[in-house]
Amino acid sequence: HDVGGYPKGSIRAERPGLRSLRNVRVLKEGMVLTNEPGCYFIESEIERALADDRMAQHMDAEKLLELARGGFGGVRLEDNL
């Protein structure tokens with residue numbers, strides 16, 4: 001993510017899938033990006049997915065809610081690109 005914040009005049013994307021991008025500046029030689037994939041257990045998101053039969057059939061609802069409600073949070077892996 002862009003630790004320098006959004007440059008003045010930046011326009012943030014609002015489209016799903018893009019609105020969480022945190023870097024809208026032009027990259028210059030020598031700049032470094034981090035890749036931070038993760039798996040997060042957010043109760044409200046899990047409940048929303050479980051309400052959809054197409055998604056719920058692939059999930060272990062009991063285990064996911066246990067992790068979300070137990071304060072596990074999630075796992076994030078970081079590396080430099």
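Among contacts in the protein chain between residues at least 6 apart in sequence, what share joins residues at least 24 apart? The share is 51%, where a contact means heavy atoms within 4.5 Å.

**View 1. The whole chain, from end to end.** Welcome to a predicted model, in which local features need pLDDT of at least 70, side-chain atom pairs count only at pLDDT 80 or more, and totals for chains, interfaces and linings use all residues. Residues are numbered from 1 along each chain as its sequence is written, and side-chain values use heavy atoms, with hydrogens and water left out. The protein chain has 3 helices and 4 strands, and from the N terminus on its elements run β-β-α-α-α-β-β. Helices (H or I, at least four residues) and strands (E, at least two) are DSSP runs, numbered from the N terminus. Of the 81 residues, 11% count as buried; buried means under 20% relative accessible area, exposed over 50%, and partly exposed in between, with a 1.4 Å probe and protein chains only. The accessible surface comes to about 7000 Å², and 52% of this surface belongs to carbon and sulfur atoms. Such areas come from the Shrake-Rupley method with a 1.4 Å probe; for residues, only the protein chains shown count as cover.

**View 2. Helix α3 and its buried face.** Look here at helix α3, residues 61-69, whose buried residues are Leu64, Leu65 and Ala68. Seen down the axis of α3, these buried residues fall within an arc of 95°, so they line one face of the helix. The arc is that of the directions from the helix axis to the C-beta atoms. The partner against which the buried residues of α3 pack is α1 (43-50). Just after α3, you can find glycine 71, which takes a positive phi of about 80°.

**View 3. Arginine 69 and its two glutamate partners.** The structure holds 5 salt bridges, each a side-chain nitrogen of Lys or Arg within 4 Å of a carboxyl oxygen of Asp or Glu. In one of them, the side chains of arginine 69 and glutamate 43 meet at 2.7 Å, N to O. Arginine 69 lies in helix α3 and glutamate 43 in helix α1, so this pair ties together parts that are 26 residues apart in sequence. Arginine 69 also meets glutamate 47 in a salt bridge, at 3.3 Å, N to O. That pair links distant parts of the chain too, with arginine 69 in helix α3 and glutamate 47 in helix α1, 22 residues apart. Arginine 69 counts as exposed, at 53% relative accessibility, while glutamate 43 is partly exposed at 31% and glutamate 47 is partly exposed at 37%. Through shared partners, salt bridges join Glu43, Glu47 and Arg69 into one network.

**View 4. Aspartate 52 beside arginine 54.** Here aspartate 52 forms a salt bridge with arginine 54, and their closest N and O atoms are 3.0 Å apart. Arginine 54 counts as exposed, with 63% relative accessibility.

**View 5. Alanine 13, ahead of the strands.** Alanine 13 sits in the segment before β1 (34-35). This alanine 13 is partly exposed, with a relative accessible area of 33%. Valine 24 is 11 residues from alanine 13 in sequence, and the two are 8.9 Å apart in space, C-alpha to C-alpha.
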